[in-house]
Amino acid sequence: MGPVRESIVKGVVAPMRDVPKSIQRPPYVGAKRAARWTGGDIHDAETVERIRVSARIAAQALAEVGRHVRPGITTDELDRIGHEFVLDHGAYPSTLGYPGAAGRPPFPKALCTSVNEVICHGIPDSTVVQEGDIVKVDITAYKDGMHGDNCGSFIAGEGSEAATRLVEVAHEAMMRGVRAAMPGREVNVIGRVIEKYAARFGYESVRSYTGHGVGPAFHTGLVIPHYDAAPHHDDVIEPGMVFTVEPMLVDGSEANHEWDDGWTVVTNDGGWVAQFEHTILIGEDGPEVLTLP
Ligand code: MF3
Ligand code: CO
Ligand code: CO
């Protein structure tokens, strides 16, 4: 076994990148907090067509950034690639300027880069990616009033057996969660399936961060847990709904805390994490993944 990768520490965050005036901003940019969405989670066909466009751009952006994950690149450079890709497609990177918790700064970048034991909401900075790192890239595009959200885990260079298995299992867990999202069921079936599958491999599924309704709002208020939340979270899945499934699986305990930057979430025990996220549409016969390139 080679040298063990040291813990992730805060790097230097470069100034916010510009967005041309011609790109439509989501309403929360520059606001204290994102307005609560009251329009529900079942969308008409015209709205769904617009979400499809944003979801496709997000998926293409994720593939483009993922292609560049390699030892030696900084997470800020990954941000530059994603930022420019989204703008080049006439969209706004939804995380840029997304309001934080009360008294916390807005998110300053076009995507989240969460390395190894960072669960989610990692801020791209001067951190240099190393051989074997698991880099989670979470990128969201906003266009024509709609958001499409997705995340993938990429291993830089050659991964350890443990890291490779964790990433594979996280992807399969997400897909099993997606396939469980059948109309007529309660949303809590999704997490039940994910958590059970993860447990077979000794992994824990993070409870404090969840999937969410998405589309006309980045986070609509609908919560999709990645654990068995029954009898809670009993919202019934219906055709026309759009939401994310985005499990974070830990090779260790899912207990976690946030850094004092107001965003970065890490495991308490340093266990590594893999995450995948799709935005899905519920059809009459079952789910359809919208975040495909
Ligand atoms: N894209 C993330 C999600 O899946 C949210 C990131 S919000 C941010 O819901 F502000 F941290 F970027
Ligand atoms: Co999401
Ligand atoms: Co996301």
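Me: Why does E172 count as partly exposed?
Reply: The relative accessibility of E172 is 23%. Buried means under 20% relative accessible area, exposed means over 50%, and partly exposed lies in between, with a 1.4 Å probe and protein chains only. E172 at 23% therefore counts as partly exposed.

Me: What are the conventions behind such values?
Reply: This is a predicted model, in which local features need pLDDT of at least 70 and side-chain atom pairs count only at pLDDT 80 or more, while totals for chains, interfaces and linings use all residues. Residues are numbered from 1 along each chain as its sequence is written, chains are lettered from A and ligands numbered from 1 in the order in which they are written, and side-chain values use heavy atoms, with hydrogens and water left out.

Me: What makes the contact between E172 and R176 a salt bridge?
Reply: A salt bridge is a side-chain nitrogen of Lys or Arg within 4 Å of a carboxyl oxygen of Asp or Glu. For E172 and R176 the N to O distance is 2.7 Å, so the pair qualifies. The two residues are four apart in helix α3 (residues 161-180), which means about one helical turn between them. R176 has a relative accessible area of 29% and is partly exposed.

Me: Why can the salt bridge of K10 and D260 be said to tie together parts 250 residues apart in sequence?
Reply: The closest N and O atoms of K10 and D260 are 2.6 Å apart. K10 lies in the segment before α1 (45-67) and D260 in the loop between β11 (256-258) and β12 (265-267), so the pair spans those 250 residues. Helices (H or I, at least four residues) and strands (E, at least two) are DSSP runs, numbered from the N terminus.

Me: How many salt bridges does the structure hold?
Reply: There are 18 salt bridges in the structure.

Me: What makes β6 an edge strand?
Reply: β6 belongs to an open sheet of three strands, ordered β6-β10-β13 with antiparallel pairing. Both β6 (204-205) and β13 (273-275) have a single partner strand, so one side of each is left without a neighbour in the sheet.

Me: What pairs with β9, and over how many bridges?
Reply: β9 pairs with β14 (residues 278-282) in the antiparallel sense, over four bridges. T244 has T279 as its bridge partner in β14. Both faces of β9 are covered, with V242 and T244 buried on one side and F243 and V245 buried on the other.

Me: Why is S94 called buried?
Reply: S94 has a relative accessible area of 0%, so it is buried. S94 sits in the loop between β1 (92-93) and β2 (111-115).

Note on methods
Pairing = 2+ DSSP bridges.
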